[in-house]
Amino acid sequence: MKTSQPQTIYLQQYRKPGFLIDQVDLCFQLFEDGARVHSVMAIRRNPDAEHHADLVLHGEELTLEFATLDGETIKEFEETPGELRIPRVPEQFTLTLVTWIKPQENTRLEGLYQSSGMFCTQCEAEGFRRITYFLDRPDVMSRYRTRIEADATTYPVLLSNGNPVDRGELPEGRHQVTWEDPFPKPAYLFAMVAGDLVDIRDSFTTVSGREVDLAIYVEARNREKCDHAMASLKRSMAWDEQAYGREYDLDIFMIVAVDDFNMGAMENKGLNIFNSSCVLASEDTATDSAFERIESIVAHEYFHNWSGNRVTCRDWFQLSLKEGFTVYRDNQYSAAIGSATVQRIDHVNMLRTAQFAEDGGPMAHPVRPDSYIEIGNFYTLTIYEKGAEVVRMINTLLGDEDFRAGSDLYFERHDGEAVTTDDFVQAMEAASGRDLTLFRRWYEQAGTPVLTVTDHYDNGSYRLDITQSTPPTPGQPHKQPLHIPFRLGLLGSDGQDIVVGGSGEASPVLELTEASHSFTFEGLSERPVPSLLRGFSAPVKVHYPWTREQLLFLMRNDSDGFNRWDAGQRLAVDIIQSLVAGREQTVDSRLVDAYRELLCDESLDQALVAKMLALPGVSYLVELASEADVALIHQARRQVLKALATGLREELLASYQRHRQTAPYQVTPEQIAARSLSNTALAWLLVINDEEARELALKQFSQASNMTDQMGALQALVSSDFASDREQALSAFYDQWQDDPQVVEQWFAAQTGSEQAGSLEQVETLLGHSAFDWKNPNKIRAVVGVFAGQNLVRFHRPDGAGYRFLGQQIQRLDNSNPAIAARLVQPLTRWRQYAPHLQSAMKEVLESIASKPELSKDVYEVVGKSLAD
């Protein structure tokens, strides 16, 4: 452990910047052994801030070569780790700095670094300070003019934010391009790229008639994988104009694909930089889920142009201001272009599995955190996904019309400003006339609320009693009631919705504002079956004593597609938990019958059916358990899966044949559902080692015309007991795709995520594979991350070997890429959730990591909080 602990930063310590930087002129001179950065800054004191005699700039791993103030060499300054202090500066001045950096040695992938021979940047959250000394904080917004100089042959493409304003040849075979961004932005939105790239071009005409050039830059081998991303970009631009009235504001919008990238993508103004896996797709190399993910991410980053760039966050505690709002916007977009119900199921499934776990763990924090050690650790599901749910609840409470008016007012009030979550809520209040004072607690209070619901029916009167509570979280032992929109449905015995209350609605929204509420509905002729929290109207847990008969009834009849899916999930959870606890030894035949109905009823929305057939995952079941025994949970879930496959063999074979696609490949909800159903049938049948299914899988694998079907067959074979077929298929797949890095990542993950193929010994072997690269985050995630996060039965080996393996990789990565190392700690953080024989082994590994000399603050924070009492 470090002898001195990293410093904790608190929201309450926020102070306005003492200085502002109005204009920045940058010149990058790129060489094969490093880069020289010339920075000329127009700086003035902030009249609204406390007076500071000295100017203090942020900087990390920089060599300062030259510094002048108003043209005079600065003779008195102080360089300390992380800072440059220049004493007694005037009210307004021009500061010129020249720094030397080594992008080729930058394994952190923050600031300026090299990836596959190209120079690129990642400046969010605090990467710009690794390029030059600067006021690297989001509330300092500046206009940038950027000149890039490099060898013309090696780096023919030179890109930065804004619009190109100059270009030309230089001596010794070099050239330059100059870019100017007319919009003020914080340093975290700065970007530049230099490389040997090809571009795919298109254009978009905005609602006001402006022509915007669109360009996606990739390595030449990826030229044919950009069509989907380009189409997604144009759809998202049109949708944002229609749904939010937001028009694009520059002459050009660019995307660059980068193989080595810590994040998914980055919304740099006018120059988005994407992880290659989040932008490149063709039917041959990407699955349906990858196509959908790319569509969502492209939209998300584009939507940031307004919700994040034009209006940004004042400080990093406000991160959800841009991320939560933008996730909500991209969720709305995905729902609009596809199946709204399926989109909601996917989002909530992830939220309940992973974000609820985060809320219940040592890293629990509010949507607006009040402290952090390393801001990189707070790019979390709480900030993004729960933050989106908070915005969704505001929309639910206000209604669509007032919510749109509120967003319009927010953009109008704060265009060009760095603001807070409270500014966002105030705009919503001003536009709607609603008082959201109590609702603000969602931003301030950590943890997942629990709603306990009971009901009583007597002579036509139905009463619903709801109490809310939120468990203690680190630093917040006592919780206050929240303002919760609770959408309700009541079903009669005929399966139809009962119109309740005086509103005439079948799904009214009840507003919970106190610790307990009672709602009474009169005039009912029978006891209804409640459909609670329809559409998942709030990110809460609901406890209600549904019987299996009621859940089966809701599976068949609920008009709310999400709750129909949820009823099936709750039924499966109840059966699996009964098997784990030993209350039952066999699988309830009613579950098999219910799934038979789903498979055979072709009148149902097949996209919804595909989601309803998916059993709850082991990760979700672990989160529902107390002192979880992963092996028992896995065994019980597999018992249910085998019972379904055995009892539904004929129906599964029929479903497989019925949904096989002969039409040309398209990314449509109908085709995606069909492929999902056929591949699900194949996977289930191979769980019971069905010979006919084995032949179908081998045929599909060898003849597949798209990656969804080829990977579906591969995963089915990999997860079967047909060892010879598994090995042959894996070998053939690699031989076919070894030259495509993104497909090789899928090949890694297919093995490391499988109980049959992903033994610890095999995972260790894959770390030595020629295609594995310790410098590439995608490869690390595909091997180490997938093993620890998805292959739970192998990771949670009783002997603790899986934990020790992960600990070794974390310590190794902490020396080179601490941001990725810190994220890999996550599977160990909730060690108290597991059975005692697993807890001690997980804790020992955390203690071993904590004892590492010179532990990064990234890993220090996560491990320290995990071990804290």
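Guide: Buried means under 20% relative accessible area. Keep that in mind for this predicted model.

Visitor: Where does Asn-163 lie?
Guide: Look in strand β14, residues 163–170.

Visitor: New topic. How many residues has the largest nonpolar core?
Guide: That core has 287 residues. Phe-28, Leu-30, Leu-95 and Leu-828 have the most contacts inside it. In soluble globular proteins, nonpolar side chains tend to be buried together.

Visitor: Pick Leu-828. Which residues does Leu-828 touch?
Guide: Not counting residues up to four places away in sequence, the partners of Leu-828 include Phe-795, Tyr-803, Leu-806 and Ile-810. Met-842, Val-845, Leu-846 and Ile-849 are also touched by Leu-828.

Visitor: Now Phe-291. Where is the place of Phe-291?
Guide: Phe-291 sits in helix α2, which covers residues 288–303.

Visitor: Why does Phe-291 count as buried?
Guide: Because its relative accessibility is 5%, and the cut-off for buried is under 20%.

Visitor: Who are the contacts of Phe-291? What does Phe-291 touch?
Guide: Skipping residues up to four places away in sequence, Phe-291 touches His-228, Ala-281, Ser-282, Glu-283, Ala-286, Tyr-665 and Val-667. Take Ala-281: 10 residues separate Phe-291 and Ala-281 in sequence, and their C-alpha atoms are 6.6 Å apart.

Visitor: Helix pairs next. At what angle do α1 and α3 pack?
Guide: Helix α1 (residues 227–244) and helix α3 (residues 319–337) pack at about 105°. Their axes are 11 Å apart. That angle makes α1 roughly perpendicular to α3, because 65 to 115 degrees counts as roughly perpendicular.

Visitor: Which residues make the contact?
Guide: From α1 come Ser-232, Arg-235, Ser-236, Trp-239, Asp-240 and Tyr-244. From α3 come Phe-325, Tyr-328, Arg-329, Gln-332, Tyr-333 and Ala-336. By class, the contact of α1 with α3 has six nonpolar, three polar and three charged residues.

Visitor: And α15 with α17? What is the angle there?
Guide: About 20°, with the axes 12 Å apart. Helix α15 covers residues 649–659, and helix α17 covers residues 691–703. So α15 is roughly parallel to α17. The crossing of α15 and α17 is left-handed.

Visitor: Which residues make that contact?
Guide: Helix α15 gives Arg-649, Leu-653, Tyr-656 and Gln-657, while α17 gives Glu-692, Leu-696 and Gln-700. The contact of α15 with α17 divides into three nonpolar, two polar and two charged residues.

Visitor: Backbone now. Which residues does a cis peptide bond join?
Guide: Glu-124 and Ala-125, with omega at about 5°. Ala-125 is in the loop between β11 (118–122) and β12 (142–151).

Visitor: What about Arg-88? What is the phi of Arg-88?
Guide: Phi is near 50° for Arg-88, a positive value in a residue other than glycine. Arg-88 is in the loop between β8 (83–86) and β9 (92–101).

Visitor: Is Arg-88 buried or exposed?
Guide: Exposed, because its relative accessible area is 57% and the cut-off for exposed is over 50%.

Visitor: Last stop, Glu-854. Where is Glu-854?
Guide: In the loop between α27 (836–850) and α28 (857–867). Glu-854 is not glycine, yet its phi has a positive value, near 55°. Glu-854 is exposed, with a relative accessible area of 61%.

Technical notes: Residues numbered from 1 in each chain as written. Predicted model: local features only at pLDDT ≥ 70, side-chain atom pairs only at ≥ 80, totals over all residues. Heavy atoms only, no water. Core = buried A, V, L, I, M, F, W, Y, C linked by side-chain atoms within 4.5 Å. Buried < 20%, exposed > 50% of the residue type's maximum accessible area, 1.4 Å probe, protein only. Contact = heavy atoms within 4.5 Å. Helix = DSSP H or I, 4+ residues; strand = E, 2+ residues; numbered from the N terminus. Axes fitted to C-alpha atoms, helices over the stretch in contact; angles between N-to-C directions. Parallel < 35°, antiparallel > 145°, perpendicular 65-115°, else oblique. Left-handed = near helix turned anticlockwise from the far one by under 90°. Nonpolar A, V, L, I, M, F, W, Y, C, P; charged D, E, K, R; others polar.
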